[in-house]
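Here is a quick tour of a protein model, written for someone who would rather look at side chains than read tables. Keep the viewer open and follow along.

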Amino acid sequence: MEADPAGISHAVAALRDGHLVVLPTETVYGLGADATNDSAVARIFAVKGRPTDHPLIVHVAGVHDLDTWAVNVQSYVEKLAHRFWPGPLTLVVQRRTAIGSVAAGGAPTIALRCPEHPVARAVIDALGCGVAAPSANLFGRVSPTSAEHVLSELGDALSEGDLILDGGECAIGVESTIVDCTGDIPVVVRPGGVTEAQIAEVVGSVARPINDLDLAVRAPGTLAAHYAPAARVLLAEPLEADAVIAAAPPGDVGLLCLVSFVPTADRLVHRLVAPSTVEEYAQDLYAALRRADDLQLAAVVAVLPPAEGIGVAVRDRLSRAAVGTASPNVG
Ligand code: TXA
Ligand code: MG
C-alpha cells in the first residue's frame, strides 16, 4: 500500500491542529494524536472511554528517537530497536520527565514503537515528533484491523477535523509485542508478532511476568478481560473441541479454528474463518470476532492454535476475549 502524499499532508496538518488521526499500522489501526500535545492526547482517552492512567504507546520514526523520549536506557534496548524496528515491537523505557506525561498516563516510563506500515511511517516522519496511539477501538473491545471497523465503532465519537486514513487490512492482525526494558533482563508483557525466541536471540535472555500482579504493575491496563465481542467465547484445545461445541449454550455457534480442524459434533456451526496457518489465524482473528457479533451468534468456539510463533499471541488474545465476555462492563 502506497502512502498518498495529499492524504499524508492533510493528516499531518490535522495532527498539528490538535485533531485525532486514525492510522493504519501493520498490527492494528491506532487512534493517533501528536504525542507532545497534551490536550489532543487527552481526547484519545475521552473518545475511547479509556481510564487516563492506562498509558499509551508513542509511535516514533526510528531508533534515533529513543534519546528524545527516554533516559538511562539499558544497552540491549538499542539492539532490539535496531533489529526489530520498524515492526511489531514496543519497548517500555524510562521516560524523559519533560515529555509525554499525559501519553504515559503519568507513569515514569514510556512505551515506544516504530511501526512498519508505509502510511503510519509517512505521517510520523512528516510530523517530526511522536504519535501517541492506542488501538482505535472503544476501551476493552476488539481492536480494528480495517478502516471499516474503525468507522463503525468510532465514527460517532470522532469530531470535525479528525480523520481516518484507510491503509487496507492490517497484515499481522494482533497488537505488537510489548517488552518491559526497565530492568537488566527484558520482560515480555504482551506477546505479539516478535516472539520471545527472537528477542532472546538478540539479547541472550528474556523473562515473563511472574504472576498477574507483576504483569499489572509492569503494564497498567493489561486486563484479564479484553478484546471482547458480545458473543460468548469458549476456548478449546483441538482434542476437546467437539465436546465444547456440543455443550455450547443454545443458539447459533461460530467456529474459529485452523482449516485443518474438522468438527464432528452433531451440531451446525458457522465457520467464521478458514486460516491455513497461525499467521492467517492472527490476521483474521479480530474480523472474525466482529463477524460473530454481526451475525448475533450466541457463542464462538475458538480452537486454540499451537503456542508457537504468533500462535502465542492468538492464544493470549482469545483467553482475554473469553474472560471479557463474562463481564461486559470490564474494559
Ligand atoms: O500494535 C500495537 O501495539 C497497537 C498499534 C496501534 O501500535 N497499539 C496498541 O495500543 O495496542 P494499546 O493502547 O491498545 O495497548 C497498549 C498497551 C497497554 O496495554 C499498556 O498497558 C501498555 O501498552 N503500555 C503503554 N505504555 C506503557 C508503559 N509506560 N509501561 C508499561 N506498559 C505500557
Ligand atoms: Mg488496545
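Predicted model: local features only at pLDDT ≥ 70, side-chain atom pairs only at ≥ 80, totals over all residues.

The protein is split into domain 1, residues 5–214, and domain 2, residues 232–325. Their C-alpha centres are 28 Å apart, and the contact draws on 21 residues from domain 1 and 14 residues from domain 2.

Together the two domains bury about 1300 Å², with 56% of that on carbon and sulfur atoms. On the domain 1 side, Val142, Val174 and Pro191 stand out: they supply 37% of the area that domain 1 buries against domain 2, more than any other three residues.

## Helix H5 and its buried side

Which residues of helix H5 are buried? In this helix, which covers residues 118–127, they are Val119, Ala120, Val123, Ile124 and Leu127. They sit on the same side of H5 because they cover an arc of only 125° around the axis. The general rule behind this kind of pattern is that an α-helix has 3.6 residues a turn, so residues three or four places apart point the same way.

The buried residues of H5 pack against helix H1 (5–16) and against strands S1 (21–23), S2 (30–34), S3 (57–59) and S6 (131–132). Just after H5 comes Gly128, with a positive phi of about 85°.

Glu26 and Arg113 form a salt bridge, with their closest N and O atoms 2.8 Å apart. The pair links distant parts of the chain, as Glu26 is in the loop between S1 and S2 while Arg113 is in strand S5, 87 residues away. Glu26 is buried at 6% relative accessible area, and Arg113 is buried as well, at 2%.

Thr27 is in the loop between S1 and S2, and its side chain makes a polar contact with the side chain of Arg113 (3.1 Å). Is Thr27 buried or exposed? At 3% relative accessibility, Thr27 counts as buried. Among the residues Thr27 touches are Pro88, Thr145, Val174 and Glu175. Thr145 lies in the loop between S6 and helix H6 and is buried at 4%. The residues that Thr145 touches include Tyr29, Cys170, Tyr286 and Ala287.

## More salt bridges

How many salt bridges turn up in the whole structure? The search finds 12. One of the pairs is Glu175 with Arg317, with the closest N and O atoms 2.7 Å apart. Glu175 is in the loop between S7 and strand S8, and Arg317 is in helix H11, 142 residues apart. Glu175 is buried at 4%, and Arg317 is buried at 1%. Both belong to a network of salt bridges that links Glu175, Asp316, Arg317 and Arg320.

Asp162 and Arg43 also meet in a salt bridge (2.7 Å, N to O). Asp162 lies in the loop between H6 and strand S7 and Arg43 in helix H2, so the pair ties together parts 119 residues apart in sequence. Asp162 is buried at 11%, whereas Arg43 is partly exposed at 24%. Glu153 and Arg290 form a salt bridge as well (3.0 Å, N to O).

## An exposed loop residue

For contrast, look at Glu308, in the loop between strand S13 and helix H11. Glu308 is exposed, because its relative accessible area is 55% and the cut-off for exposed is over 50%.

Notes
Residues numbered from 1 in each chain as written. Chains lettered and ligands numbered in written order. Heavy atoms only, no water. Buried < 20%, exposed > 50% of the residue type's maximum accessible area, 1.4 Å probe, protein only. Helix = DSSP H or I, 4+ residues; strand = E, 2+ residues; numbered from the N terminus. Arc of directions from axis to C-beta. Contact = heavy atoms within 4.5 Å. Domains from an automatic or database assignment. Buried area = accessible area lost by both parts, 1.4 Å probe. Salt bridge = Lys/Arg side-chain N within 4 Å of Asp/Glu carboxyl O. Polar contact = N/O pair within 3.5 Å; in protein donor to acceptor, adjacent residues only side chain to side chain.
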